[in-house]
Amino acid sequence: MTTLLINGESHEIEAEDDMPLLWAIRDVIGYTGTKFGCGMGLCGACSIHLDGQVTRSCITPVSAAEGKAITTIEGLGSEQSLHPVQQAWIDQEVSQCGYCQSGQIMAAAALLAENPNPSDEEIRAKMVNYCRCGTYQQIFAAVKRAAQHEGGQS
Ligand code: FES
Ligand code: FES
């Protein structure tokens, strides 16, 4: 038995220690906002937060997540109170097909939590998730927008 704390709720699941955390999140527990892309830690579609650190859940075993706080896109904000990054994504109309976007938003939220006012270079260095639709310019603009909101600038 493995106990995972996801979005503030505790879940007990039957899982081998080496089951990818992504499998547990999506297939066992049912939070499907986190996506499977490459399965090799490359694309970032499966990004979640583990104790606040952006983490690729496809290459993280469930055993490494026990006792840590897991946040998925479903737990970042709520419909009543969106996370500033989610609001910036809507305002900037970032999404195309949307497949990569939850991972992108989780990466941006972790970046801004660590560094509320990143430089352009820091954004480019940290926002490395792939987007097959090529929304990179809008993603960059949305991160800037969320940073201005977070930093209280106009
Ligand atoms: S699915 Fe995890 S990095 Fe691509
Ligand atoms: S919006 Fe389609 S893959 Fe990024």
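**Loops, helices and pockets**

Visitor: Where in the chain is Asn-7 found?
Guide: Asn-7 is in a loop, with strand E1 (2–6) on one side and strand E2 (9–13) on the other. Helices (H or I, at least four residues) and strands (E, at least two) are DSSP runs counted from the N terminus. That puts Asn-7 in the loop between E1 and E2.

Visitor: What pLDDT do local features need here?
Guide: Residues count from 1 along each chain as its sequence is written, while chain letters start at A and ligand numbers at 1, in the order they are written. The model is predicted, side-chain values use heavy atoms with hydrogens and water left out, totals for chains, interfaces and linings use all residues, side-chain atom pairs count only at pLDDT 80 or more, and local features need pLDDT of at least 70.

Visitor: Is Asn-7 buried, partly exposed or exposed?
Guide: Buried means under 20% relative accessible area, exposed over 50%, and partly exposed in between (1.4 Å probe, protein chains only). Asn-7 has a positive phi of about 50° although it's not a glycine. Its relative accessibility is 23%, so Asn-7 is partly exposed.

Visitor: What is the phi of Glu-93, which isn't a glycine?
Guide: Glu-93 is in the loop between helix H3 (84–91) and helix H4. With a relative accessible area of 64%, Glu-93 is exposed. Its phi is positive, at about 50°.

Visitor: Which residue follows H1, with a positive phi?
Guide: Helix H1 (residues 21–29) has Leu-21, Leu-22, Ala-24, Ile-25 and Ile-29 as its buried residues. An α-helix has 3.6 residues a turn, so residues three or four places apart point the same way. The cover over H1's buried residues includes E1, E2, strand E3 (47–50) and strand E5 (69–71), where contact means heavy atoms within 4.5 Å. After H1 comes the residue you want, with phi near 100°: Gly-30.

Visitor: How far apart are the C-alpha atoms of Leu-76 and Met-106?
Guide: Leu-76 is in helix H2 (residues 73–76) and is buried, with a relative accessible area of 15%. Leaving out residues up to four places away in sequence, Leu-76 touches His-49, Thr-71, His-83, Gln-86, Ile-105, Met-106 and Ala-109. Leu-76 and Met-106 are 30 residues apart along the chain, and their C-alpha separation is 8.0 Å.

Visitor: Which residues does Thr-55 touch, beyond those up to four places away in sequence?
Guide: Thr-55 is part of strand E4. Its relative accessibility is 14%, so Thr-55 counts as buried. Its contacts are Cys-46, Ser-47, Ile-48, Leu-50 and Thr-60.

Visitor: Which element gives the most to the lining of the largest pocket?
Guide: A pocket is an open set of points on a 1 Å grid over the protein atoms alone, where a 1.4 Å probe fits and protein lies on both sides within 12 Å along at least five of seven lines; lining residues have an atom within 4 Å of a point. The largest pocket has 15 lining residues, with Val-54, Ala-107, Ala-110, Leu-111 and Lys-126 nearest its centre. Strand E4 (53–56), helix H4 (101–114) and helix H5 (120–126) each give two or more residues. With five residues, the top contributor is H4.

Visitor: Which residues lie nearest the centre of the second largest pocket?
Guide: The lining of the second largest pocket is made up of 13 residues. Nearest its centre are Gly-37, Cys-43, Tyr-99, Tyr-130 and Arg-132.

Visitor: How many residues apart in sequence are Glu-114 and Lys-126?
Guide: Glu-114 and Lys-126 form a salt bridge (4.0 Å, N to O). Glu-114 is in helix H4 and Lys-126 in helix H5, so the pair ties together parts whose separation in sequence is 12 residues.

Visitor: What separates the closest N and O atoms of Asp-120 and Lys-144?
Guide: A salt bridge needs a side-chain nitrogen of Lys or Arg within 4 Å of a carboxyl oxygen of Asp or Glu, and the count comes to two. Asp-120 is partly exposed at 28% relative accessibility, and Lys-144 is partly exposed with a relative accessible area of 28%. Asp-120 and Lys-144 form a salt bridge, linking helix H5 to helix H6 (residues 136–150) across 24 residues. Their closest N and O atoms are separated by 2.6 Å.
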